[in-house]
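Reader: Could you walk me through one part of this model in close detail? I'd like to hear what it packs against and what sits around it.

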Amino acid sequence: RVRLSTKPGQDMHIHVPQALAKLDQQDVAVSLSKQQYQEIVNFIESLDRLSISQRFRKYRPLKSLEEDKRAWWRYAFHSEMEDIKRRTEAWSWTHIKAHRHTCREYTKAYQEKLLAKSVSPELMKQIQGLEDQLDVLNITICRQLAENEVQRKLQEKKKDRKSTR
């Protein structure tokens, strides 16, 4: 049995897994021949090669290696430099600061959405724009933080109402 949260922001807390799987080994029997196993491994490796080549396809020269060696050297250089830039940029302070700013904006906007009785189209547009910048993991974490903050605010309001009576 597999249970996957289709709405990761609702009824889930940060300490609860988003996907749960229960497997009874007595009920499962998998049999692969050596050739089938090799075909699966080859298929996975080809998918890996395709995903890597897709990133650098924009630099790939149209001419063959014999026709334009200089273009192929540029292709190798630009491909490697893009990979280095991507790895180092992710850990630069400016990137980290911008990412934290985006996460904070998204958390604040999502809190407004949860607290609002009717959500404005501008707020939904802002949330959608921020979601386009963030990955699924960060969106889920920010939503959980926003939900926890909203629950805390609602509990404080209840306490304030009870203390004023």
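Author: The buried residues of helix 5 are Asn138, Ile139, Thr140, Cys142, Gln144, Ala146, Glu147 and Val150, where buried means under 20% relative accessible area with a 1.4 Å probe and protein chains only. Helices here are DSSP runs of H or I, at least four residues, numbered from the N terminus. Keep in mind that this is a predicted model: local features need pLDDT of at least 70, side-chain atom pairs count only at pLDDT 80 or more, and totals for chains, interfaces and linings use all residues. Residues are numbered from 1 along each chain as its sequence is written, and side-chain values use heavy atoms, leaving out hydrogens and water.

As for length, helix 5 has 29 residues and should span 42 Å at 1.5 Å a residue, which agrees with its end C-alpha atoms being 42 Å apart; the expected span is 1.5 Å times one less than the number of residues.

So who are the neighbours? The buried residues of helix 5 pack against helix 3 and helix 4. On helix 3 (residues 93-115), the buried set is Thr102, Cys103, Tyr106, Thr107, Ala109, Tyr110 and Gln111.

Then there's the largest pocket. Its lining includes Asn138 and Thr102, and helix 3 gives the most to that lining, with 5 residues. Others along the lining, among them, are His95, Ile96, His99 and Asp135.

Terms used: Helices (H or I, at least four residues) and strands (E, at least two) are DSSP runs, numbered from the N terminus. Buried means under 20% relative accessible area, exposed over 50%, partly exposed in between (1.4 Å probe, protein chains only). On a 1 Å grid over the protein atoms alone, a cavity is a set of points where a 1.4 Å probe fits but cannot get out, and a pocket is an open set with protein on both sides within 12 Å along at least five of seven lines; lining residues have an atom within 4 Å of a point. Contact means heavy atoms within 4.5 Å.
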